[in-house]
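The sequence and coordinates come first.

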Amino acid sequence: MVTFLAGGTGTPKLLDGASARWDLDDAVVVANTGDDVELGGHLVCPDVDTVLFAGDDVLDRERWWGIDGDTTETHDELSRLAEAAGLEDSPRYLDDDAQTAGREIARWRRFSGVAEFMEIGDRDRAVHLTRTGLLDEGHTLTEVIGTLADAFGLEVDLLPMSDDPVATLVHTEGSETLHFQEYWVARRGEPAVADVEFRGADAAEPTDAVRSALADPVVIGPSNPVTSIGPMLAVSGIEAALEATPVVAVSPFVGDEVFSGPAAELMAGVGLEPSTAGVVDAYPFADAFVLDDDDPTEPDRHVERTDTRLDDVDDAERVARACDRALEAVS
């Protein structure tokens, strides 16, 4: 058995080729929920849903977000109504009292649905409505995601990192505090990063299912170490569990060149070198790394090298094989 830690697009891309090395019926994916937002009363879980939609082969792989071919009539009408009413269309973060009232799983990440700043497709919205409705009925987030995974026919077991709320907040050099989705989606990652906070992590705990999954060998795909994997590491007990099991991590960099996303800016903002060397420092518990053939970094741990670019299934299978070799070397 093997467990994958998933955030952003790196690990979901790797999962496309995972069946070449592992039986996915015995695999577990633990997904980051620090990126989640409540938008207009509906809980949106981007990193969970990327795995969910990819596993059912309905993911929009051009954007790596949402459902392929989805319509956006509700989203478009929300924007039209806001414009007609003269309502501001920037992210409308709800006030402090609203952030912590009511549904606890959504705290510290609540936005108004007026002119929603994230594009939500119509079929995609049905997933968020179902998830939120089941939470309101009293089910845990783990139970709800399991129900949705069954509905989408996932082979792997998909788990949230915790049933407790954790919010990834970016503190900027301009003294702003932005939820990660506002920083990345609304502001396109432009504000200079001064620090990153995982609010709620000190009170959050992994579920028994996550603890059990982390007892197996772990693969961390080429995800952002700060905002994709960082929220998981901030949850009490998760890093200790990783120290006690074989872990292999794929770098999202080739030397100091990142493949995609805001990893470099975020790593620099929290004091990590924006490079593979910084990834090695961010993962002191990792026993091995999969690095690109052209990466000059020489970690003090076991290394497997291959072409780490992930553009298609063949690429994913190649990197998955390198991960398997690394696990065999350190297990």
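The model is a predicted one.

Helix 5 runs over residues 122-136 and has 15 residues. At 1.5 Å a residue it should span 21 Å, and its end C-alpha atoms are 21 Å apart, so the two values agree. Just after helix 5 comes glycine 138, which has a positive phi of about 110°.

The buried residues of helix 5 are Asp124, Arg125, Val127, His128, Arg131, Thr132, Leu134 and Leu135. The elements that cover these buried residues include strand 4 (42-44), helix 2 (46-55), helix 3 (73-85) and helix 6 (141-151).

Two of the helix pairs are described here in turn. The axes of helix 5 and helix 6 come within 9 Å and cross at roughly 140°. That angle makes helix 5 oblique to helix 6, since the cut-off for roughly antiparallel is over 145 degrees. The crossing of this pair is right-handed. On the helix 5 side the contact involves Val127, Thr130, Arg131, Leu134 and Leu135, which meet Leu141, Val144, Thr147 and Leu148 in helix 6.

For helix 2 and helix 5, the axes come within 12 Å and cross at roughly 120°. Helix 2 and helix 5 are therefore oblique to each other. Their crossing is right-handed. Val48, Asp49, Leu52 and Phe53 of helix 2 make this contact with Asp124, Val127, His128 and Arg131 of helix 5.

Helix 3, also among the elements covering helix 5, has 13 residues. From its first C-alpha to its last, helix 3 reaches 18 Å, close to the 18 Å expected at 1.5 Å a residue.

Valine 2 lies in the segment before strand 1 (3-6). Its relative accessibility is 2%, so valine 2 counts as buried. Valine 2 and alanine 322 are 320 residues apart in sequence, with their C-alpha atoms 14 Å apart in space.

Leucine 24 is found in the loop between helix 1 (10-15) and strand 2 (28-31). With a relative accessible area of 10%, leucine 24 is buried. Leaving aside neighbours within four places in sequence, leucine 24 is in contact with Ala18, Ser19, Glu155 and Val156. Between leucine 24 and aspartate 157 there are 8.5 Å in space, C-alpha to C-alpha, and the two are 133 residues apart in sequence.

**Cysteines and burial values**

The structure holds zero disulfides. Is cysteine 45 buried or exposed? Cysteine 45 is buried, because its relative accessible area is 0% and the cut-off for buried is under 20%. Cysteine 323 likewise counts as buried, at 0% relative accessibility.

| Residue | Relative accessible area | Class |
|---|---|---|
| Valine 2 | 2% | buried |
| Leucine 24 | 10% | buried |
| Cysteine 45 | 0% | buried |
| Cysteine 323 | 0% | buried |

Key:
Residues numbered from 1 in each chain as written. Predicted model: local features only at pLDDT ≥ 70, side-chain atom pairs only at ≥ 80, totals over all residues. Heavy atoms only, no water. Disulfide = S-S within 2.5 Å. Buried < 20%, exposed > 50% of the residue type's maximum accessible area, 1.4 Å probe, protein only. Helix = DSSP H or I, 4+ residues; strand = E, 2+ residues; numbered from the N terminus. Expected span 1.5 Å × (residues − 1). Contact = heavy atoms within 4.5 Å. Axes fitted to C-alpha atoms, helices over the stretch in contact; angles between N-to-C directions. Parallel < 35°, antiparallel > 145°, perpendicular 65-115°, else oblique. Left-handed = near helix turned anticlockwise from the far one by under 90°.
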